[in-house]
Amino acid sequence: MSGAYSAAAPGRGPDGIERMPEFHLNADHIASVVEDMIVEVRCGLHPWERHPERPNRLAITVKTYARLGGRRGAMPVMDYDRIREFVRSFEKRPHIDLLETIVEDIVSECFADQRVEACHVSVRKPDIFPEARGAGIEVFRTRAAWDGAA
């Protein structure tokens with residue numbers, strides 16, 4: 001799909017971790033960001049991750065993109081607190097095997113706001129391997145592809 005989006009050069013965040021490139025659709029957008037939110041979640045497939053008394057520490061970043069109006073002062077107000085509360089709800093849920101399940105749930109919540117045209121979700125386990133700063137997954141989803149997948 002030529003011209004659907006363009007990606008800026010990838011780079012490192014302030015913490016030195018390589019970040020997924022930012023995506024910008026062919027229109028002006030505002031991004032609502034909740035970055036590196038730390039939550040304790042019972043998740044994982046490894047045997048050592050299946051102890052409810054020792055949940056995994058996750059670092060979750062969520063960006064939602066909504067279209068800007070064509071004139072000055074037409075900027076929508078984006079409620080990032082709704083996403084923050086949703087992410088915090090994972091701390092009270094039963095064990096989840098896959099980070100992909102967490103990501104898909106967050107994407108669904110992002111698209112509950114009809115103004116959101118795209119979202120970027122990153123879920124990392126910063127403490128999973130001693131030799132790595134973290135391991136996890138990142139996705140970028142557009143509403144058009146999400147709605148088409150249903």
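This is a predicted model: local features need pLDDT of at least 70, side-chain atom pairs count only at pLDDT 80 or more; totals for chains, interfaces and linings use all residues.
The secondary structure of the protein consists of three helices and eight strands, which follow one another along the sequence in the pattern β-β-β-β-β-β-α-α-β-β-α. Of the 150 residues, 39% are buried, and among contacts between residues at least 6 apart in sequence, 61% join residues at least 24 apart.

Four of the strands form an open sheet with the order S5-S6-S7-S8 and antiparallel pairing. Strand S5 (29-41) and strand S8 (135-142) each have a single partner strand and stand at the edges, so that one side of each is left without a neighbour in the sheet. From one strand to the next, the twist averages 10 degrees. Within the sheet, strand S6 (residues 56-67) and strand S7 (residues 116-125) are paired in the antiparallel sense over eight bridges, with Ala-66 standing opposite Val-116 of S7. Helix H2 (residues 99-110) packs on the sheet, where it touches S5, S6, S7 and S8, and its direction makes about 155 degrees with that of S7. Helix H1 (residues 80-88), in turn, lies across S5 and S6 and runs at about 20 degrees to S5.

A search of the whole structure finds 12 salt bridges. One of them joins the side chains of Arg-124 and Asp-36, with an N to O distance of 3.2 Å; this pair links strand S7, which holds Arg-124, to strand S5, which holds Asp-36, across 88 residues. Arg-124 counts as buried because its relative accessibility is 11%, under the 20% limit, whereas Asp-36, with a relative accessible area of 24%, is partly exposed. A salt bridge also connects Arg-50 and Asp-97 (2.6 Å, N to O), and here the loop between S5 and S6 is linked to the loop between H1 and H2, the two residues being 47 residues apart.

Arg-143, found in helix H3 (residues 143-149), is buried yet has no salt bridge, since the nearest side chain of opposite charge, that of Asp-147, is 4.4 Å away and a salt bridge requires a distance within 4 Å. A polar atom of the Arg-143 side chain does, however, lie 2.8 Å from the backbone oxygen of Val-116. Beyond its neighbours within four places in sequence, Arg-143 is in contact with Phe-111, Asp-113, Gln-114, Arg-115, Val-116 and Glu-117.

How values were computed. Residues are numbered from 1 along each chain as its sequence is written. Side-chain values use heavy atoms; hydrogens and water are left out. Two strands pair if DSSP finds at least two bridges between them. Axes are lines fitted to C-alpha atoms, for helices over the stretch in contact, and angles run from 0 to 180 degrees between N-to-C directions. Contact means heavy atoms within 4.5 Å. Buried means under 20% relative accessible area, exposed over 50%, partly exposed in between (1.4 Å probe, protein chains only). Lys and Arg count as positive and Asp and Glu as negative; His and the chain ends are not counted. A polar contact is a pair of N or O atoms within 3.5 Å; within protein, one must be able to donate a hydrogen and the other to accept it, and residues adjacent in sequence count only if both atoms are side-chain atoms.
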